[in-house]
Amino acid sequence: MTHRKATIFTRRQFLRTLGVTAGALAAGPALSACGATALTAAPAATAVPPTAALTSVPAPTAVPTVAAPSLKIGVLLPYTDIYAALGENITAGMEMYFEEAGGVAGGRTIKVIKEDEGTAPDKALEKARKLVEQDEVDFVTGIVSSGVLAGVRDYFDSNKKLLICSNAGANALSRGAKTPYIWRTSFTNWQPNWPVGTWAAENVGKKAYISVPDYGAGANTITAFQNSFEAAGGTIIGVQKTPFPNMGDPAPFITELAAANPELVYCFYSGGAAVTFMKAWGELGLAGQIPLMSSGFMVEEDVLPAEGDAALGVRSGLHWALSLDNADNAKFTEAYKARTGKDANVFAVQGYDTGRAIVEMINAVEGDTSDVDALIDALGGISFPSPRGTFALDANSQAPKQHIYLREVQNVGGALHNVVIEDLGEIVDPGDDSKG
Amino acid sequence: MARHWKWAALIVAILAAIVYPYAVRSYFLSLAIEVLIYSIFAMSLDLLLGYTGLTSFGHAAFFGLGAYILAYTALGLTDNILVTVPLVIIGAALLALIIGFFALRTSGIYFLMVTMAFAQMLFSIAISWSDVTGGSDGLAGVPRPVIGVGAWAYTFDSRESYYYLVLAFFLLSWIALRSIVGSPFGAALRGIRDNEQRMRALGYNTFRYKMAAFVIGGAFAGLAGALLTHFTQHAAPETLYWATSGQVMIMLIVGGVGTLVGPMLGAAVIRLLPTFVSSYTERWEIVLGLVFILFVLFAPRGIVGLLRRAVEKRP
Amino acid sequence: MSASQFIFQLFNGLVFSMLLFILAAGLSLIFGLMDVINLSHGAFYLLGGYIGLTMVRQFDNFWIALIVAPLIVSGLGLIVEYFFLRRLYGRHRHLDQVLFTFGLALIAADLIRWRWGAYVESVPGPDELKGAVVIFGALFPRYRMSLIFFGLIIAAGLGLLIGRTRIGAIVRAGVSDAQMVSGLGIDIQKVFAGVFALGTALAALAGVLGAPVLNLYPGLDLEILILALVVVVVGGLGTLKGAFFGSLLIGLANTFGKALIPQFSMFLIFAVMAVVLLARPSGLFGVKGN
C-alpha cells in the first residue's frame, strides 16, 4: 500500500553497508583512538558507535539479522501549505543521513513511510494513527507545528509510542505537558531566545520592543527574551502581537515600532512572514537605523536569500549556523548543497541529526524495538558529533542540551549568510517556567 | 415494495455498523468514528443549505464552539456527557441565535460572507485569548467521556466503546433530522428554499423558520465538534477556521445536497480520499482537485445523484 | 498616534487598499456579471506572481513581467472559461461553481509548488522605483508609493472601460439583467469570456505588483482570496465603485487596526464586514436583490 512512497534500500546497498560496517568494526579500536575526525571520514562506520561495537561486536552484523524485519519509521512532516519547505528540508537532511549510514540501523533495513502533517491538528492525528496502527511503524518522527504537536501529544502518551520530534519547539512539551514518549531532537522555543536577552542588554541596548506573531511560539519567545533581558537590566518598552496565521502587510506594525524609538527591536517571524517583515523593514529605511535582533529562524538560510540586504547586520541566536566551524558541519553543508542545490539550513540539520539519533538509538538496542522503555533509555544516552557541535539529549527536558550561537548576517563572498560572532554557551531548558 | 427494500437496506446497514468494530483493524475503526462525526456535522449543514437554502460558510463557528465548550467543561467541571452534551448543545444553539439574528437579514453570497465573518472572529478570539482557549495550541488532555452517576458510571475509554457512543449519537441525530425535514416544519423550510416570497405571501414568518433551522443546525454542529474533541482529546482553533467550514460544505456538495444520505457519503469521501491518496503520492491535492472537477462535470448532484441515476437507468 | 505617524499609516493603508482593489476588481466583475463565485481568484493571483518571478529572472525587467504575466494568466482563464465554467452558469449552479473553482485552486496550488518549490520567493521591484521618498521626515518606499498611483490609474482605466464604452455598457446591462442583454442579440457568452479573462488578468496583475511587497509562498493564494472576498462583499457585488471603496475601507481598517490593536486587526476586518452588511445587506454600493 505504501510501497511507492517508502524509501527502501536495495539489497546491494545493504550488502555493501554490511561490508563497510564489518570493516569498520574490525578497525574499531583504531577508530576510537583517532577520535571524531576519523569517524566522520568514514560515514558508514559512524552508524555503530565504537563503544557499542566493542561490547557487542557481532550483534549488528551477525548473519541472522539479515532476515530481520525492516525498521519502519513513520515520518509525519508538512509537505503542503505554509510549512511545506520546512518539511522538505527536514526530510532531505534525515534521508541524507540514512543513506550515509547505508540504510541500516541495528542490523535492520530502514524503511521510511511519509505522511503529510498539513496544518490541522485533527488531520495530523489521523495520520499518526495510520502510521502507528495501520503501517505498524516502530516509532514516529517529525512534527513541525507546535499546534499539531499539542494535538498528537495525548495519542503518543496514552499509546506509549515513541515520537521523536524534529522541529516543533513548544516549551510545554519539556515542561507541564511533558511525556516520557515524546523527545525532541530540535530545540525548545526558550533555548535560542533566553541567552540572547542577556547578550542584547549587555551589548546592544536597554530599551527593547518585541514583535512576534500571536501564537504559542511567539508567546514562548516573549517570555524567554524578557526574562533574561530584564535580569540584565533591560526594559521592555512594548510588545506587539501580530495576527496569526496571516500577518498581511507588516508596514503598519513596523511604523509603530519605529515610532516608539526603541534601542533595539527583538522579533520572531518565520517563513513568508519573516521575508515580508524583513523586506518591509529595509524598505522603510530602518535597516541599520534600529538594531534588529531575532530568534535565529527569522534570518535562517531558507529565507535569507529572499530577504536580501535588508537582513544585513541582523543578529540572532540559534543552535546552528551555516558558518559554524567544525568538521562535521563542513562535511554536512557541502554534502547537503551537492544533494539539494541549496545551502543547508537549521531544519536540514535537525533532520540530519534526527536521522543519526535514530540510527544510534536503534544500534544501541541492537535493532530490538519491542521495548519502548529500552528504546527511550537508549535515546536518552546517545551522544555524537553533529554539525551543531556535540549532540546530546537532556534527560530532564527531553530536548537537546546545546550551544546557542550568536550570529550576524554578513555578506560572505557575495551572498548573505549567518556568521557566528559569539558562542553563548551550552543552554539547557530548565524544564519549568522559572526562567521564562 | 420499494419501501420494504429501503427498510431492509437500513437494517442491514445498522447491523453492519454494529459488527464493524469486530471486522476491521483499529485504524479503520478510528476512520469510521471520524466519518460518523463529520457526517453529523455535514447533515447539520444540509439542514441549512440543502433544505432551507441558507448557504452558510461559517458553520465551523458552531463546530468549534462545541469543541471548546466540551474541552473547557471536561477539563474543569465534569467529563460526564449527561452534563457536557446538553451544555454544548445549548451553547451552540445560543451562538446560532446570536449570529442568526444578524446574518439572516442578508441573503445569498452576502449571507455566506457574514456567516464566515462571525466564524473568523471567533477564530481570532480563540487564537488571541490564550488564557482561556490555550491560544494556537488549543486545549489538550481532554478526558474520555463518562456516562451515568456513581456506581452506574461508565467510561468510554476504549475505541470500540467510543465508536458505539458516536454511532448512537449519529443515529439519534439522523432520526431527529429526518423527522424534522419530514415534518410540516421541514416542508415549510423547503418552501422557503424554493420561493421565500411566496411563503411570506402565504403568511409564514420566514425569518422565524430560517432562525429555527439555523439554531437546530448550529446545535447539531456543536454536538459534532464536541464528539470530535472527545475523540482527539484536543480542542484546536482550526476547528473554527474558514477551512473547516469549507471542508464541510465540500462534503455536502460531493455527497449530494438536500438529502441526509448525501452528507454521510460526502463526509466519507472527503475524509478518506486524501488519506488513501496521500499514501501513494505527495501530489494528493491535485488528485483531490481533479476529483472535485470530475464531480462537478459528471455528477452535479453528488454521489446521491449518481446512485439515483444508476438506479433509474436499470429497467 | 502623532500627526506624522497618522499620515504615514494613511499611506501604508492606501498602498494596501490599492493592491486589494486591483485584486478585488476582477473578482467583483466576475461575481457581478457572471454570477460566478470564483474561489480560484487567489490562485490566479499567486500564479501571476510566480510567472512574474520567472519573467523577472529571465529578462531582468519588471515591466515585461507586469505585461506578460497577466496575458498568460488571462489565456489560462479563457481556457478555464471555455472548457469548464461555461457549463456552470446560473444561480442554481452556485454550489457547483464553489466545488469547481475550489478544485481548480487546489490543483493550481499544487502545480505551483511543483514548479516553483515551497521556499519563500521575493521579487525585486523595478529599478526605476528603487529608493524612498521623504514623508514628514520619514522614509516611504518609492515602489509602495507608486502602487497607489498604479491603483488609481487602473481604477480610472476600468472606470472608463465600464462606464464610457459600448462593451462597458453591455457589461453593466449584463450585471443587472444578463437575459435582457442576450435578448438584444448580443452574444453574452463572448462578453462572459471576455470579463473572465479580464478578471483573471487583473488577479495576475495584482500578483506581480504585490510580489515585491507580500512576496510569494504556498498558502498566500487562500490568504489573499479571503481578503478579496471581504472587499467585494463589503463594496457590493459587480460594481467598480464598490470594489474601490470597499478596498479603501478594508485596507484602511486593516492598517489602522494593525497600528492600534495589532492582536485584533484580523478580527477588525471581519467585524467591519459584519457591521457593513448588517447596515446595508447588499454591501455599500450593491444593487438590492443581487
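**Exercise 1.** Find where A:Pro245 lies in chain A.

Solution. A:Pro245 sits in the loop between strand 9 (235-242) and helix 10 (251-259) of chain A. Helices (H or I, at least four residues) and strands (E, at least two) are DSSP runs, numbered from the N terminus. A:Phe244 and A:Pro245 are joined by a cis peptide bond, with omega about 5 degrees. Most peptide bonds are trans.

This is a predicted model: local features need pLDDT of at least 70, side-chain atom pairs count only at pLDDT 80 or more, and totals for chains, interfaces and linings use all residues. Residues are numbered from 1 along each chain as its sequence is written, while chains are lettered from A and ligands numbered from 1 in the order in which they are written.

**Exercise 2.** Determine whether B:Gln233 is buried or exposed.

Solution. Start with the backbone. B:Gln233 has phi near 60 degrees, a positive value in a residue other than glycine. Its place is the loop between helix 10 (206-232) and strand 4 (234-235) of chain B. Next, count neighbours. B:Gln233 has 22 C-beta neighbours inside 10 Å, so B:Gln233 counts as buried. The cut-offs are 20 or more other C-beta atoms within 10 Å for buried, 12 or fewer for exposed, and partly exposed in between, with C-beta atoms placed from the backbone.
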